[in-house]
Amino acid sequence: MLKTIIQKELLSNIFSFRFLVTFVLLLVIVTITVFILTDNYVKRLDEYSQRQREIENYLGDYAHFNRINNVVRPSQRPVPFYSLIRGLSSDSNIEEFDNDPLPVIFPLIDFTFIVTILLSLIALLFSYDSISGEKEDGTLKLMLSNRFSRSKIILGKIIGGTLTLLIPFLLSIIIGLLVILLNPRVLWRGADWGAFFLILLGSILYFTFFYCLGVFISSRHHSSSSSIMTSLFVWVLFILIIPNLSPYIASFFAQTPSRIKIDREVAMITDVERDNLGRKLSGEKRLEMHRKYPVLAEKLSDAEIERRVAQDPDYRKAYKELRDAIGKAWDEANRIQGDKAGVLEKELRRKQEAQERLAIWISMISPLSDFTYLATDLSSTGIRSRSHFSRIAEGWWRAFGAYTRKKLASLQEKNPTVDWWNTPVEVSDMPRFQYQQEALKDRFGGTIRFFVVLIIFNLIFFTAAYFSFIKYDVR
Amino acid sequence: MIGTVVRKEIISNLVSYKFFIVILLTSILIFTSFFIMHRDYKQRLSDYHIIKPKPNEPIAVIPPNPLSMFANGLEDAMTRSFEVSRIGIEARAGQASGNIIFSFFPSPDFLYIVRVVLSLVALLFGFDQISREKEQGTLRLMIANSIPRAKILAGKWIGNFLSLSIPFLLVTLLGFALLNFDPDIYFSPGNLMRFVIILAVTLVYIALFLSLGIFISTITKKAAASIVILLFIWALFVFVIPNLGTLLARQMVDVPSVRALSEKKEQIWTREVLMRIMEGREGKETGVSRFQAIHNEIDKLEEDYRNKFNRLIGLSKNINRISPVASFIYAVTEIAGTGIGEEGHFKTDIIRYKNSAFLDIVSGKTEYSPFNYQYRSLSQILAKGTLFDIAWLVFFNIFFFALSYFSFVKYDVR
């Protein structure tokens, strides 16, 4: 019984004009997009290795510890998923003078875009007249005069409709995958495939939601021209408005202090105030040492000091102690002011994270955001992977710092008279930054809530469509 | 004669469900957008007062542009703080928020609402003009009168345009008037003028989609078919072509990433600092000339990058113009002073400022002239491509209307 209805839906959809248009459109857009993005990925990969090579060359010739940190900053190797999903991947470049204005004006197109905008629109276009259209044609009456139960009809309609939509979608995805896989430079591993299938599952949930929504709206209206109006109205709200408003609304409720203000305060604390404190503390230490070693209190020229350090072992000892004490005083000043600045920065970060969390929760009302977060997080191009990257980078900086200290100490040991900070050194044994994607299990764990929300949305609108069709006036 | 058709269209629109939904949507969106962007603007204004450079600081920061409430464009990039030092120009995140969610979705400014939602609304007004009347049989009745087809079409166009644009203008102007109640918001006469021009361009844009809607309606026999075609064309124009075009241009022009440029610069700096220290140990005199040499090297690098980048921008602009939506974005953002052209002009100005302040810095002077930025004048903006963009929009309008005229004249009304 159910099969007949599904079959009827499938056939009537497949031979329809909109099916043809959808098919062609999806096929063309998916293929072009994947083609260009894959090419883009390969280019980025080349550029990445070129950049790494340049850094290595540079380190071979000019490595010195004073400013090496500026050169070896870790950068992320492009993940193979770039040929499908761009996400937040593009290096954020707001800190550079020559930033790139184009993506700001035109967000670049990718698989997420195709699913969120095009697929949802297509789902509504197929479903807006599924009830009201049949009523207008008079076929609904005929159908109900058979021994079909209404619940079977609605079930069959939804299943049949989503199945028809799956055909062009999956076919275009398969062609897209072929483009990706035929490129020898793109290597997908097991985890990438796992992520891909999860994303695919997410996109199917996403468009069944829109299909159910369309059927629901259709069963609330008696003419298809008004049901398309309502459908588009709801679509605009869900797709174009709620996600974009969410960060602004979140900033109402979870306010953060201005970043610039905190930056200024931190700069003040760690610069001018630190110098003042350091001078004060080291002055106190100096007086203390002068009391302990009266010889130090004499005013001597630098040359004189150098001579006495060389000749008088007592003086050398006292002088060294003074040096150490002053060094400690400055360290102390640095620590105190650093802690103060740290508190401010931590507070800012905490508030900012709270605001981001709230923005995510608000935007989750819209399935578009759910899918966007889900797809970008699973493909390691989203918010999660950003924090994952900075976690790895932090670990690497620690390792690199330890390496620097060890290396400097061993060099110092060999020859204490050289200023090793500002002398070229050999650093081929330094730890190299290795980027590893987050494990698929963790990525999936972080996106479960988005899946759950999508499933709940599906259930809600399926039930709503079911109940309003049961009570639908078919006359 | 035309008057009757116009009146009939307006009245039938006024009582329709479509009109109700559309006006509701437009009003909600425009008011929310104004409210949110206004709050955002005030936030940035107060941030500006914090980072405003004190006299004698070689820092370039411009106050937020009030027109960015309507077209945000590249405002975030332009209102960063640019500090000139020995190292060159250091850009610091300016008045933009650090919330990462902002980078997922475009900001809901007036430009966005018009570009995406109002174009859709205009299509909805046009999509069933001919095909629905045919389905209902009223087209035949109308043609049976002594009114020529051209006049019917013109009357329909005018009637729908009026019933769409008048409520839209009323809502927008009301929102704009409300903004002016805030004493912190000041629109100079020049900016008011620009706002009016933006509104005019917006009307041309809406009219374009209405014409497109009517055109598709005249080549289809059923309203259901025309909505399908229109929604796909809409998605292509609004989303696919401009975004794909940018990506395509990037494939054709080989531009290194910003990251690559900054790494190169960093390498030059650390190398030169090291060399200077080593030479200093050997007793060689190093001074201003060394800095000058580093700067020349970096300047050359940057210039090369910028040349390539400008080629990329030019190319992607032209590819994107296949879609009139891109032209609309260019025109509105340029007029608002937040467009790509304005940003380029602004950056050139900063580079000029850096070059003038740089010698003072390395020679140890402590007095610098402040940075002043003059937005390009309207005539300059129009001459630099915006006039073309507007003309391009008008051309599309006429083109679609002419097409609908030709196919309507031959339309089978039976």
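Me: Which residues of α14(B) are buried?
Reply: In this predicted model, the buried set is I381(B), G385(B), T386(B), D389(B), I390(B), F396(B), N397(B), F400(B), F401(B), S404(B) and F408(B).

Me: What do those buried residues pack against?
Reply: Five helices of chain B: α5 (129–136), α7 (149–179), α8 (189–219), α12 and α13 (340–362).

Me: Where is the kink in α14 of chain B centred?
Reply: On G385(B). The kink is about 65 degrees, and the helix runs over residues 378–409. G385(B) is also one of the buried residues of α14(B).

Me: You listed α12 of chain B as a partner. How many residues does that helix have?
Reply: It has 13, residues 324–336. From first C-alpha to last, α12(B) reaches 18 Å, close to the 18 Å expected at 1.5 Å a residue.

Me: Is α12(B) mostly covered or mostly uncovered?
Reply: Mostly covered. Of its 13 residues, 13 are buried.

Me: What comes just after α12(B)?
Reply: G337(B), with a positive phi of about 85 degrees.

Me: Which residues touch the most other members of the largest nonpolar core?
Reply: V332(B) again, along with F209(A), C212(A) and L210(B). That core has 190 residues.

Me: And which helix gives the most to it?
Reply: Helix α9 of chain B, residues 223–252, with 15 residues.

Me: What is in the second core?
Reply: It is separate and has five residues, including Y58(A), L59(A), A63(A) and I68(A).

Me: Zoom out. What is the secondary structure of chain B?
Reply: It comes to 14 helices and three strands. The C-alpha atoms fill a box of roughly 100 × 50 × 35 Å along the principal axes. Chain B has 414 residues, and 45% of them count as buried.

Me: What share of the chain B contacts with a separation of 6 or more comes from residues 24 or more positions apart?
Reply: They account for 84%.

Me: Switching to α16 of chain A. How far does it reach?
Reply: It reaches 43 Å from first C-alpha to last, close to the 45 Å expected at 1.5 Å a residue. The helix has 31 residues, 440–470.

Me: Where is its kink centred?
Reply: On T447(A), at about 45 degrees. T447(A) is among the buried residues of α16(A), which also include R443(A), F450(A), F457(A) and F469(A).

Me: What do the buried residues of α16(A) pack against?
Reply: α8 (150–181), α9 (190–220), α14 and α15, in chain A.

Me: Which loop holds S380(A)?
Reply: The loop between α14 (367–378) and α15 (383–414) of chain A. S380(A) has a positive phi of about 55 degrees although it is not a glycine. Most residues other than glycine have a negative phi.

Me: Why does S380(A) count as buried?
Reply: Because S380(A) has 28 C-beta neighbours inside 10 Å, and the cut-off for buried is 20 or more.

Notes: Residues are numbered from 1 along each chain as its sequence is written. Chains are lettered from A and ligands numbered from 1 in the order in which they are written. This is a predicted model: local features need pLDDT of at least 70, side-chain atom pairs count only at pLDDT 80 or more; totals for chains, interfaces and linings use all residues. Helices (H or I, at least four residues) and strands (E, at least two) are DSSP runs, numbered from the N terminus. A residue is buried if 20 or more other C-beta atoms lie within 10 Å of its own, exposed if 12 or fewer, and partly exposed in between; C-beta atoms are placed from the backbone. A nonpolar core is a set of buried Ala, Val, Leu, Ile, Met, Phe, Trp, Tyr and Cys residues joined through C-beta atoms within 7 Å. The expected span of a helix is 1.5 Å times one less than its number of residues. The bend at a residue is the angle between axes fitted to the seven residues ending there and the seven starting there. Two residues are in contact if their C-beta atoms, placed from the backbone, lie within 7 Å.
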